[in-house]
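Have the sequence and the coordinates open as you read.

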Amino acid sequence: MPRPSQSHPYSDRKSFERLMVLIVTLIRVPGVGCPQPLATRTGAQGQHNALAELQTQMQRVAREHGYDWSERYPALGTLRKDLERLRDYGILEPRMYRWGYYLGTGVMTVRELQAALNSLESQGKYQGDPQIRRMYEQILQRLRGFPFPAQGSKNQPYPVRQNINRAINYTDPDEMYKKQQYRDTLFHCVPLLEEVILEGLPVEISRSVDWYGEKALGTDLVWPLQLMYRDTAWYLLYERCANNQLVVGRMNRYGDYCRVLIPKGRGIDAQWLSLEQAYCLLERGWGLKLGSLEEQQAELQGKGEEVEVAVRFFPPISEFIQEGELRHPRQTLQRGRGKGQDYLDYGVVLPRRSLDEFSIWVQRYADKVQVLTPPELVEKHRQMALRLLEHYPLAQRVSNSP
C-alpha cells in the first residue's frame with residue numbers, strides 16, 4: 001500500500017513566497033479590495049472585484065521584493081485558496097471581508113481603535129479638518145461589519161469621547177466652493193504644508209491680516225513645524241528662516257500662498273528640536289504669543305524676565321477657578337476671607353510676553369475678579385473698567401436701576 005504524501009501545500013518555494021507576499025500586502029495596504037465610495041453610492045459594488053485589486057497590490061509588493069512574476073500571477077482562484085489558508089491559521093478571521101482585507105486591528109486593540117476613531121471624527125467634524133474627515137469616512141467604510149462592542153444599528157463605534165470645540169471660520173476648501181464662500185486663506189495649502197513639515201523644507205507664506213499692528217504683513221520665509229488647533233481656530237507654528245524666531249499664526253490670517261523655494265530640507269531632527277523649543281515656550285507662557293526673538297532666546301537660556309501675577313476671584317466664579325487645578329504648571333491657589341465674603345487668590349509666574357493674553361483671560365470674569373499685581377496690570381484693568389463705564393452713560397444707568 002503506497003504511503004500517503006507528507007508534503008505541505010506550501011512546501012515548494014514559490015508557493016511559500018506567494019503566501020508571504022500576500023501577508024505583507026495585507027499589512028502594508030490595510031483595506032485592500034475595498035470598493036471606492038463612488039462605486040458604493042451608485043450601486044455598482046456588484047461589479048467590484050476585491051481579489052483583482054488584491055492581485056494588483058500583490059504584484060506591486062512582489063516587484064519591490066525582486067520577484068519576477070507573470071502579469072496574471074497569482075490567479076484569482078489561487079488567491080482564494082491562499083486566503084482560506086490564512087483563515088485556517090487564524091491570521092484572517094473566519095468571516096466575510098466585503099469591505100477590504102486587513103489583519104485584525106493592525107497595531108491597535110479594539111478599544112484603542114475606538115478611541116482613535118472618536119478622535120478622528122471630532123477633528124474632522126468639529127475642528128473642520130477636511131483631510132481627517134475623509135480619512136475617518138474611509139476607515140469607517142473599511143470597518144463595516146467589524147464587531148465593535150455596543151455597536152447598535154448605526155454599524156459604527158459609539159462616540160464615548162468627543163471634542164466639540166468648533167472652528168469659527170471656514171477651513172474646508174470643498175465647503176467654501178459648495179457654499180460659494182471662497183476665502184483666500186492658507187487652508188488651501190494644507191496638503192503641501194503637511195509634506196514640507198515632515199521634510200523640513202522652508203516655504204514662503206504671506207500674511208494678509210494683522211489685527212495687532214505688529215507690522216507682520218507680507219511674505220515670510222519659514223520652516224513650518226506643526227498645524228495646531230486651539231479653542232476655536234487652527235494655527236500654524238513655524239520658525240522664521242531669517243532669525244529662527246518661533247511664531248504661532250492663525251491660519252485664516254494668511255493668504256492662499258505657500259511656495260517651496262529651496263528643494264533641500266533640513267531634516268526631521270532639526271524639526272523636532274525647534275518643535276520642542278516652541279512647546280517649552282508654550283508651557284511656560286499663557287496663550288499662543290511666543291514673544292520677540294530676544295525674549296525667546298533669553299527664556300530658552302533660563303534668563304528670561306518673569307513676572308509674579310496675582311488676581312482675586314469672588315464667588316461664584318472662585319469655585320470654578322479652583323476646579324482648574326492644572327490650568328498652569330506654575331500656579332498657586334489660596335483661599336481667604338475679607339469684607340464679609342470668601343475669595344480665592346490665584347497666583348502664577350509668567351514671562352512678561354504673556355501678560356496681554358493673561359489679561360484677556362481675566363477680563364471674561366468681569367466684576368468677579370480683581371487684579372492685585374503687578375501694578376501695571378492693575379492700572380490696565382482699572383482703565384478698562386473706566387472705559388467700559390463710558391459705554392453706559394449715567395442717565396442710562398439710573399433709568400435701568402431698580
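Helices and strands here are DSSP runs, numbered from the N terminus; a helix takes at least four residues and a strand at least two. With that settled, K339 is found in the loop between β7 (331-338) and β8 (341-351). Keep in mind throughout that this is a predicted model.

Is K339 buried or exposed? With a relative accessible area of 89%, K339 counts as exposed, because the cut-off for that label is over 50%.

## The five-stranded sheet

Now for the sheet. In what order do its strands run? Reading across, you get β4-β3-β2-β1-β5, an open sheet of five strands with antiparallel pairing. The edges belong to β4 (246-250) and β5 (254-260), each of which pairs on one side only. From one strand to the next, the twist averages 45 degrees.

Zoom in on β1 (residues 203-207) and β2 (residues 218-230): they run antiparallel and are joined by five bridges. To find your place in this pair, look for E204, which stands opposite L221 in β2. As a reminder, strands of a sheet pair through backbone hydrogen bonds.

There is a helix to go with the sheet. Helix α8 (residues 190-199) lies across β1, β2, β3 (233-240) and β5. Relative to β2, helix α8 runs at about 95 degrees.

## Two nonpolar cores

The largest nonpolar core has 32 residues. Which of them have the most contacts inside it? Those are L22, L26, L54 and Y101. Helices α1 (13-28), α3 (50-64), α4 (76-88), α5 (110-125) and α6 (130-142) each supply at least two residues of this core, and α3 gives the most, with six.

Leaving aside its neighbours within four places in sequence, Y101 is in contact with L26, V29, P30, G31, V32, A50, L51, L54, L83 and L92. Apart from this core lies another, of 20 residues, including A167, M176, L186 and V247.

## Two cis prolines

Two peptide bonds deserve a look. One joins Y73 and P74: the bond is cis, with omega at about -5 degrees. P74 is in the loop between α3 and α4.

The other cis peptide bond joins T373 and P374, and here omega is about 0 degrees. You will find P374 in the loop between β9 (369-373) and α13 (375-390).

One last stop: S359, in helix α12 (residues 355-363).

What does S359 touch, not counting residues up to four places away in sequence? The list is L377, K380, H381 and M384.

How values were computed
Residues numbered from 1 in each chain as written. Predicted model: local features only at pLDDT ≥ 70, side-chain atom pairs only at ≥ 80, totals over all residues. Heavy atoms only, no water. Pairing = 2+ DSSP bridges. Axes fitted to C-alpha atoms, helices over the stretch in contact; angles between N-to-C directions. Contact = heavy atoms within 4.5 Å. Core = buried A, V, L, I, M, F, W, Y, C linked by side-chain atoms within 4.5 Å. Buried < 20%, exposed > 50% of the residue type's maximum accessible area, 1.4 Å probe, protein only.
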